[in-house]
Amino acid sequence: MTDVSLVLLSCRTSDRSPGGALGAQTLAPLIGKRLGIEPRTIGSAVEPRETRYEEDLRESRGCLLEAGGQVDDALADGRVPVIAAADCSISVTTLPAALRHRPDAKVLWLDAHGDYNTPDTTGSGYLGGMCLAGACGEWDPGLGDTIEPERVVLAGVRDLDAGERELLERSAATVIGASVVETLVAVKNALDGAPAFVHLDLDVLDPEEFPAAVPAPGGLSSDKLYDLMEAVAEDSELVGLEITAFEAPRDEDERADMAETAMRVLDPLLDRLSR
């Protein structure tokens, strides 16, 4: 079995609703059970709140740096980092940490949203909608290294603000929409067998099948996402994995059904790690 570092990141980054933290708390032990390891919990949960990116960068700096540090430590020790977190903001430090160790890797960004806004384009001021642009050096969050956009493959993206769409069109990143008939083939071609760090925001799934905090119609079905994950597991070395935006409902039965769906789409990657 691959040596894995499994982390539940409980500290707040920029989450605005309680469901994301509950989702991460639900998934981490299920992933641990699947891999036969115990997740380590980093930080303490706090109340979510609606704040702008400036405040989140200031108040969540330690948590964001800790996320990148976990990836850094795992890869330095020859382990594969797997992180469950409430929202995507962690990627502003995790992606640079991963590619610092593995410059040959590509980032597979599975998300309904591009998260490619900057302070000049954001309408909401939400750090979670700016994190990939920050990781790619389109703006400076003040957290260290950045990555080259050409190393990024976005797939399942279907909800872009005008400003971030323009930025992505100018960038060297590859963008594959959810409506592309051959999403799987397009992703395989874009990755071209390179090692992959996978960012899975679960709102890449269609909200009719998997409810989301910020729903975007026209997402991938769980069957389609499973097939895509299976192809990635077959073709690419898995450098790391982060799972975010499981907007868990309070109802236990509903939460269990959503967790089952999430674990199913993760299964090809977890199977690869458990070999």
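Predicted model: local features only at pLDDT ≥ 70, side-chain atom pairs only at ≥ 80, totals over all residues.
**Helix 8 and helix 9**

Two packed helices are described by the angle between their axes and the distance between the axes. Helix 8 covers residues 222-235, and helix 9 covers residues 252-274. Their axes come within 8 Å and cross at roughly 10 degrees. Angles under 35 degrees count as roughly parallel, and helix 8 and helix 9 are therefore roughly parallel to each other.

On the side of helix 8, the contact is made by Ser222, Asp223, Leu225, Tyr226, Met229, Glu230, Val232, Ala233 and Glu234. These residues meet Thr261, Arg264, Val265, Asp267, Pro268, Leu269 and Arg272 in helix 9. By class, the residues of this contact comprise eight nonpolar, six charged and two polar.

**Two residues with positive phi**

Most residues other than glycine have a negative phi. Asp115 is not a glycine, yet it has a positive phi of about 50 degrees. Asp115 is located in the loop that runs between strand 4 (106-110) and helix 5 (131-135). Buried means under 20% relative accessible area; Asp115 has a relative accessibility of 6% and therefore counts as buried.

Ala245 is likewise not a glycine and has a positive phi, of about 60 degrees. The loop that holds Ala245 lies between strand 8 (238-244) and helix 9, the helix that also takes part in the contact with helix 8. With a relative accessible area of 17%, Ala245 is buried.

**Cavities**

How many cavities of 30 Å³ or more does the model contain? The count comes to two. The table sets out their volumes and lining residues.

| Cavity | Volume | Lining residues |
|---|---|---|
| Largest cavity | about 40 Å³ | Leu9, Ser10, Cys11, Arg12, Thr13, Asp15, Ala21, Ala85 and Ala86 |
| Second largest cavity | about 40 Å³ | Val92, Gly134, Pro141, Leu143, Gly144 and Asp145 |

The lining of the largest cavity has five nonpolar, two polar and two charged residues. Among the residues that line this cavity are Arg12 and Asp15, and Arg and Asp count as charged. The lining of the second largest cavity divides into three nonpolar residues, two polar residues and one charged residue. Gly134 and Gly144 are among its lining residues, and Gly counts as polar in this classification.

Conventions: Residues numbered from 1 in each chain as written. Heavy atoms only, no water. Axes fitted to C-alpha atoms, helices over the stretch in contact; angles between N-to-C directions. Helix = DSSP H or I, 4+ residues; strand = E, 2+ residues; numbered from the N terminus. Parallel < 35°, antiparallel > 145°, perpendicular 65-115°, else oblique. Contact = heavy atoms within 4.5 Å. Buried < 20%, exposed > 50% of the residue type's maximum accessible area, 1.4 Å probe, protein only. 1 Å grid on protein atoms, 1.4 Å probe; cavity = no way out; pocket = protein on both sides within 12 Å on 5 of 7 lines; lining within 4 Å. Points joined across faces, edges and corners; volume = space filled by probe spheres on them.
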